[in-house]
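Biologist: I've got the model open on my screen and could use a hand reading it. Could you walk me through the pockets and the overall build?

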Amino acid sequence: MTDPSGPARRWTVALAVLFAGLAVGWVSWLAFGSGDDGRPAPSPSPTTERTSGASDAGDVPGLAGVAGSGRSSPPDPASLPLTGLTVALDPGHNGANAQHPDQVGAPVPDGRGGSKACNTVGTSTDAGYPEHAFTWDVASKAGAALEALGAQVVLTRSDDQGVGPCVDVRGRSAQDAGADVLVSVHANGSDDKAARGFFVIVADPPPAVEIDEGLRAENAASSERLATDMVGALASAGFPPSGSVAGAVSRRGDLGTLNFAERPAVLLELGEMRNPDEAALMSSEEGRQRYADAIAAGVAAWAG
């Protein structure tokens, strides 16, 4: 039998649900408003396109600015100023030279028809910081700076614990490695502790290596330009030029490292290790980085 109260109950339930929904909507509107009352706007969804370059580095550990999350993309190698240039860096002397006097004192060709010692021990500060350690660290740092500019770098020695190589080998290193330029890194050791400042050495007359006369002249002119650019870079970095070398460029014909080079080449005397102020600078990490950055700047100026 049909219950006459059934339709009434159904209408009652329907009305109750309707009024409950209206009540929930009213309460939500009161609680949150219409979005224009000063409250922060909702965060964009993960698919929102970024146009400001903002980073979510804090959201994902290890992605502090990875490309796509805020950090610039790695530079295009083609855009780096020294891309395509190979630089041979020659850190003067070596750490074990003093322990092998017979080997480093053995005569080798000097590139002028004579001979000279394979290598030497080098100088040091009065406190005992050696030239070989200084040149190794500066050349290593300069190599890193040059690579950051796009250059390829080769070193004439792989560490600071060995012997040599001899000056003729060092001089040939650029052409043997297919490098475009050779920079030999040294420091001076004048007995006069008041002496200060850097200078750059080029071969004069041009090396008598067995290359075309035109190429020899071209290399000599390019070496002179490299020397000038090195003087400018070191001076711009705040290092004083030597007061005893006119223009801070010395021209010599007795250095095997330069005489055997078939590429533009210079030898840098970056300062006086017996001068207390320059010794302190050379002995410091910061000072060696400054020298290295100046060398890289000199090569970049020459290549530019």
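Predicted model: local features only at pLDDT ≥ 70, side-chain atom pairs only at ≥ 80, totals over all residues.

Biologist: What volume does the second largest pocket have, and which element gives the largest share of its lining?

Modeller: Its volume comes to about 160 Å³. The lining takes in 16 residues, with Ala203, Pro207, Asn219, Ala220 and Ser223 nearest the centre. Both β6 (199-203) and α5 (213-236) supply at least two lining residues. The largest share, five residues, is from α5.

Biologist: How do the residues lining that second largest pocket divide by class?

Modeller: Two of them are polar and four are charged. The rest of the lining of the second largest pocket is nonpolar, and that class counts ten.

Biologist: Now the largest pocket: which element gives the most to its lining?

Modeller: This pocket has a volume of about 390 Å³, and 22 residues line it, with His93, Thr120, His186, Leu255 and Leu267 nearest its centre. Elements giving two or more residues are β3 (115-117), α4 (167-176), β5 (181-188), α6 (256-259) and β8 (265-272). With three residues, the one that gives the most is β5.

Biologist: And how many polar residues are in the lining of the largest pocket?

Modeller: Six lining residues are nonpolar and six are charged. For the polar class, the count in the largest pocket is ten.

Biologist: What span should helix α3 have, and how far apart are its end C-alpha atoms?

Modeller: Helix α3 covers residues 131-148, which is 18 residues. At 1.5 Å a residue, α3 should span 26 Å. That agrees with the model, where the end C-alpha atoms are apart by 26 Å.

Biologist: Zooming out, what percentage of the protein chain is buried?

Modeller: The chain has eight helices and eight strands. Of the contacts with a separation of 6 or more, 78% link residues 24 or more positions apart. Out of 304 residues, the buried share is 39%.

How values were computed:
Residues numbered from 1 in each chain as written. Heavy atoms only, no water. Helix = DSSP H or I, 4+ residues; strand = E, 2+ residues; numbered from the N terminus. Expected span 1.5 Å × (residues − 1). 1 Å grid on protein atoms, 1.4 Å probe; cavity = no way out; pocket = protein on both sides within 12 Å on 5 of 7 lines; lining within 4 Å. Points joined across faces, edges and corners; volume = space filled by probe spheres on them. Nonpolar A, V, L, I, M, F, W, Y, C, P; charged D, E, K, R; others polar. Buried < 20%, exposed > 50% of the residue type's maximum accessible area, 1.4 Å probe, protein only. Contact = heavy atoms within 4.5 Å.
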